Amino acid sequence: MAVVVTCEDDGECVMAEGTGGRGARRGVLAGALVLAGALVAAPALAGCAPDAGRAGGSASGPSHAAATGRQPARLTLPVPGGRYPVGTVSLRLVDRGRPDPWVGGRARRELMVSVRYPARAEARRYPRAPQMSAREATAFDALNNFGELVPRGKVAWGATLTTAHAGAPVAAGRIPVVLYSPGAGDPRSFGSTLCDDLASRGYAVVTVDHTYEAPAVEFPDGRVARSVMRAELVRAKKTGRITQLLRKVSGVRVADTRFVLDELAKRGDHSPLPAGLRDALDLSRTGMFGQSAGGFTAAQAMHDDRRIRAAVNMDGVMGYTQRDDDPSNPSTVGRDGVDRPLLLMGSEGDTRHTVASWDAVWRHSRGAWLRDLTLRGGRHAGFTDAQALIPQLARELHLPRKGVVETVGTVRPARAIAAERAGVAAFFDRWLRGRGDGLPAGLPGRYPELRVEP
């Protein structure tokens, strides 16, 4: 869950996994700032700075796969398990009262979000939305959380379709809202497996790109904002300010979240949402979840903002530290705990007994519903779309088994996905709909992959 960053004098950074005695994990850095080793150790890219103008030319240059005559691997995402088809709309939101903290100057903070929602039956007549745009996929191919496991140019990331239908009409009724924050270094769409499933069960799921963290964020006018985290890490290491950087990343993410909530609450012509969707959202029933840094964001945002009624942290450290077992530099959610429901979902070996910041939240919370679930045999990236995609790539590209296991674990992908979906849905069903007890029905009989930590 935590990674130590080391940087050489020439500015090249390398991240070594902080195992805490529980085995290495690919592509993670310290819960608050969970960045891939690949993200900072990759060759310098022109895309490591914001692209002020419209991106020109081809969205993707000639790949290694094309040069060798082999077509890049194409991937599929699992079908949701709920009764509704899923619709989606993407929104550009501009916080005109906040300067962008990563690029300076007069730029205002600008975000892209997507809303997944239960749609009417005719949704299937609408086109399925891609997981990433072509330009975002090109950046992801060059800069992602898989390190050397997945070679560049071998995967057609832009060809992957979600199960959400763009612009489909929203289903009737009032819909509870759940926000999703991705791990640092991941795009907002890399949680589609869980987000689309939750939408199919009757939730509006708002996924947030934290601009300049994700490899690339494309705006409707074609501008592309690319990650600046490599340069930030180099600067922080040279000046001895890694802890301050972790605090900044967390603070920016929470501010992004609260701004999105403000925008969702706007009514009439001031709302950024299409009319049908704007009238359907029930913001009095709002929750949040995320993976890794996104899980920390969910817990911290709930601590800071009472509009969030319940949160799920999927394998994210909740302190400003590079070691799972390090209690120093706690966050305010760690010092204060929470007073609303919080579910911790950890990969194998990550529990409140081994992760210092989880223990701190647990000890300092008063009167809140808290549960600590472990995905048996799971690994950190298994709480993202990697759980569905990496096994496919293992077959297509003959990836080494060791690397696959280090990335998504040993649990069978279909079982891991079913258990994760059940855990997230049962939690929000209890706290946003008043159904069940917050844990999957029939656990542990139906979901032996999940263990409730004592």
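This is a predicted model: local features need pLDDT of at least 70, side-chain atom pairs count only at pLDDT 80 or more; totals for chains, interfaces and linings use all residues.

User: How many helices and strands are there in the protein chain?

Analyst: Residues are numbered from 1 along each chain as its sequence is written, and side-chain values use heavy atoms, leaving out hydrogens and water. Helices (H or I, at least four residues) and strands (E, at least two) are DSSP runs numbered from the N terminus. The protein chain has 13 helices and 15 strands.

User: What percentage of the protein chain counts as buried?

Analyst: Buried means under 20% relative accessible area, with a 1.4 Å probe and protein chains only. Of the 454 residues, the share that counts as buried is 61%.

User: How many residues of helix α4 are buried?

Analyst: Helix α4 spans residues 192-200 and is mostly covered. Among its buried residues are L194, D196 and D197. The count of buried residues in α4 is nine of nine.

User: How do the axes of α11 and α13 run, roughly parallel or roughly antiparallel?

Analyst: Helix α11 (residues 386-397) and helix α13 (residues 413-433) have axes, lines fitted to C-alpha atoms over the stretch in contact, that come within 9 Å and cross at roughly 175°. Angles between N-to-C directions run from 0 to 180 degrees, and those over 145 count as roughly antiparallel, so α11 is to α13 roughly antiparallel.

User: Which residues of α13 make the contact with α11?

Analyst: Contact means heavy atoms within 4.5 Å. On the α11 side, Q387, A388 and P391 take part. From α13 come P413, A416, I417 and E420.

Notes: Angles under 35 degrees count as roughly parallel, over 145 as roughly antiparallel, 65 to 115 as roughly perpendicular and the rest as oblique. Buried means under 20% relative accessible area, exposed over 50%, partly exposed in between (1.4 Å probe, protein chains only).
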